[in-house]
Amino acid sequence: MTTVTIFGSGNMGTAIAGVVAAGGASVQHIASADDATIMGDVVVLAVPYSALVPIAAKYASQLDGKIVVDITNPVDFQTFDSLVVPAGGSAAAELAEALPASKVLKAFNTNLAATLASKKLGMVDTTVLIAGDDADAKSTLAGLVSAGGVNAIDAGSLQRAHELEAIGFLQLTLAAGEKIRWTGGFGVIN
Ligand SMILES: NC(=O)c1ccc[n+]([C@@H]2O[C@H](COP(=O)([O-])OP(=O)(O)OC[C@H]3O[C@@H](n4cnc5c(N)ncnc54)[C@H](OP(=O)(O)O)[C@@H]3O)[C@@H](O)[C@H]2O)c1
């Protein structure tokens, strides 16, 4: 049985755990106060953007060779008007730089938590977009997600994290501005 380690037990950590557990994976949660041994070969960082680099530094050697999934939307919460990563860059690119021996993926950031929990976005099935440079890693994550009843699409190289974060940012501003519901958002029909 595959073990998925999830940092964080908030809205997204809980929803992602529900999806992969429904597909038969076992889930380990790690909290901020923990000093844990990572059990999974797939590690999801369901934490705020500001926690990525501290986690990478604390767990660097344990994360070597593992699939590490960045789900963050690095929004400037002071202004709610931009991202805090450099123009053209992404949180996932920064994480990959901090973890050169890990297989870093960007995924889940374009899905609002409620649509992962329900596996539905209105009338359509929820789809997770996955970007990364390691085809096998993307395939492994897609398999875990689809086994749990949620669609997964390979969105390209880790460079596409920039576009995924732009979509996630726009969606978040719409939801926070009460222009769309937190159960709504952008869907994919293929
Ligand atoms: N909510 C959404 O619909 C949504 C959609 C797409 C993407 N995202 C992204 O998903 C991420 C999580 O969002 P969320 O809504 O789930 O936030 P949340 O409900 O506030 O949960 C954040 C979790 O991260 C944990 N955490 C913080 N620092 C940590 C550390 N160093 N080690 C382990 N755990 C740590 C927190 O635990 P403590 O409380 O114990 O610190 C908490 O369980 C964010 O980056 C967000 O941008 C969210």
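What follows is a short chat about a predicted model and its ligand shell and helix packing.

Reader: Before anything else, what do local features and side-chain atom pairs need here?
Author: This is a predicted model, in which local features need pLDDT of at least 70 and side-chain atom pairs count only at pLDDT 80 or more, while totals for chains, interfaces and linings use all residues. Residues are numbered from 1 along each chain as its sequence is written.

Reader: Okay, which residues come nearest to the ligand?
Author: Of the 25 residues around the ligand, the nearest are G8, G10, M12, S32 and T72, where a residue is near a molecule if its C-beta atom, placed from the backbone, lies within 6 Å of it.

Reader: And which elements give two or more residues to that shell?
Author: Those are α1 (11–22) and α2 (52–63), with helices being DSSP runs of H or I of at least four residues, numbered from the N terminus. The most comes from α1, which gives three residues to the shell.

Reader: Switching topic, at what angle do α2 and α3 pack?
Author: The angle between α2 and α3 (residues 91–98) is about 20°, and their axes are 10 Å apart; axes are lines fitted to C-alpha atoms over the stretch in contact, and angles run from 0 to 180 degrees between N-to-C directions. That makes α2 roughly parallel to α3, a label for angles under 35 degrees.

Reader: Which residues meet there?
Author: From α2, L52, V53 and A56 meet A91, L95 and A98 of α3, contact requiring C-beta atoms, placed from the backbone, within 7 Å.

How values were computed. Angles under 35 degrees count as roughly parallel, over 145 as roughly antiparallel, 65 to 115 as roughly perpendicular and the rest as oblique. Two residues are in contact if their C-beta atoms, placed from the backbone, lie within 7 Å.
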